[in-house]
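User: Please take a close look at a single part of this model. Walk me through its ends, its packing and its surroundings.

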Amino acid sequence: MSEDIRWMQHALALAVRAESEDDEIPVGAVLVGPDGEPLGEGWNRNIRLHDPSAHAEIVALREAGRAVGNHRLPGCTLYVTLEPCAMCAMAMIHARIERLVYAASDPKTGAAGSVFDLLADPRHNHRIRVEGGLLAEQAGTMLSNYFRRKRGKSPL
C-alpha cells in the first residue's frame, strides 16, 4: 500500500502541473512497470496540444510504449488521479496493463465502475484489476477547486 500511496502522490503532483503549467483540468497519471520503476507519466494536455486524446492516461501510456518499444505493457500499474473515461479505459485494455489505481471517481464519464464498467466487461479478452478511492479526497478537492476557480468562486 505504501508504494501505491507514493505513486498516487506522484500522479497528484503531475495533476498540479496540468493546472499550473497548462491551465488544464488537473489530472495526472504515472505508469509503473513490473519492476516498480516508472515507465511513463503525463497530465492532461488536450487543450495545449489541440488533441482530444491527450488525456493524462494516454500521455503516460504513449511515453511508456516508447520507453519499452512495445504497444503492450503487461504487468504494469497505472496510477491516475481521476477515474478513466471510456477512451482511456479501452487504451488500457489494448495495452494489456495489469492494474489500475485511481483516486477520485467520475460520476459523469467514469468507465471503471462509476458510470460504465469497461475494464471488467467479460466480452474483452483482457481484464484489469481496479482499485479506486486512493487519496480520493485530495484529488477531488483539487478538481473541484479548479472548476470553482473557472467559475469565479472561492476554493473549498
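Analyst: Start at the end of α5: Gly152 follows this helix, and its phi is positive, near 75 degrees. Helices here are DSSP runs of H or I with at least four residues, strands are runs of E with at least two, and both are numbered from the N terminus. The model is predicted, so local features need pLDDT of at least 70 and side-chain atom pairs pLDDT 80 or more, while totals for chains, interfaces and linings use all residues. Residues are numbered from 1 along each chain as its sequence is written, and side-chain values use heavy atoms, without hydrogens or water.

Now the length. α5 has 15 residues, which should span 21 Å at 1.5 Å a residue; its end C-alpha atoms are 21 Å apart, so the two agree. The expected span is 1.5 Å times one less than the number of residues.

Next, the packing. Ala139, Met142, Leu143, Asn145 and Tyr146 are the buried residues of α5; buried means under 20% relative accessible area, with a 1.4 Å probe and protein chains only. They fall within an arc of 160 degrees down the helix axis, so they line one face. That arc is taken from the directions from the axis to the C-beta atoms. The cover over these residues includes α1, β3 and β4, where contact means heavy atoms within 4.5 Å.

β3 holds Thr77. Thr77 is buried, at 11% relative accessible area. Not counting residues up to four places away in sequence, Thr77 touches Val30, Leu31, Val32, Arg99 and Val101.

How values were computed
Buried < 20%, exposed > 50% of the residue type's maximum accessible area, 1.4 Å probe, protein only.
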